[in-house]
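User: I would like to go through some labels given to this structure and the grounds for each.

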Amino acid sequence: MANEAVKQLTILYRLEPGCLGPDGVDHIEAFCLLVQKALTAKGNVHYKWQVVPRFDKSKPEIQFTLNGKSLTEQQAQKYLSMLTIELDNVIDGFEDMLTKMINQYIARKA
């Protein structure tokens, strides 16, 4: 059972360059690093975020893995619910933070 505690869900989020405006493609990689830093500072034992640019639209916006194994959203939800964590709340919290960071970034560029 001790091994169970070390499992950490990875949530890969691909961020569209366009969210940063028309020249977002020039800034998206640096912005993703900034977001990643903010998320790492918050930290969570049960899940971690990985934020990367979404250059390939054929790839999904969000993906879940656990110990290197791909999970569906339902499987990720089930895993977190066993830890009394709601996936929807995790994603909503991330998206709220992301929106604030995007708005701050765009305001600085203006």
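User: Which residues is Glu 61 in contact with, leaving aside neighbours within four places in sequence?

Analyst: Glu 61 is in contact with Leu 12, Tyr 13, Arg 14 and Arg 54, where contact means heavy atoms within 4.5 Å. This is a predicted model, in which local features need pLDDT of at least 70, side-chain atom pairs count only at pLDDT 80 or more, and totals for chains, interfaces and linings use all residues. Residues are numbered from 1 along each chain as its sequence is written, and side-chain values use heavy atoms, with hydrogens and water left out.

User: Why is Glu 61 called partly exposed?

Analyst: Buried means under 20% relative accessible area, exposed over 50%, and partly exposed in between (1.4 Å probe, protein chains only). The relative accessible area of Glu 61 is 34%, so Glu 61 is partly exposed.

User: Why does Arg 54 count as buried?

Analyst: Arg 54 has 15% relative accessibility and therefore counts as buried. Arg 54 touches Arg 14, Leu 15, Glu 16, Pro 17, Lys 59, Pro 60 and Glu 61, not counting residues up to four places away in sequence.

User: What makes α2 oblique to α4?

Analyst: The axes of α2 (residues 28-42) and α4 (residues 87-109) come within 11 Å and cross at roughly 135 degrees. Angles under 35 degrees count as roughly parallel, over 145 as roughly antiparallel, 65 to 115 as roughly perpendicular and the rest as oblique, so α2 is oblique to α4. Axes are lines fitted to C-alpha atoms, for helices over the stretch in contact, with angles from 0 to 180 degrees between N-to-C directions. The helices are DSSP runs (H or I, at least four residues), numbered from the N terminus.

Notes. Helix = DSSP H or I, 4+ residues; strand = E, 2+ residues; numbered from the N terminus.
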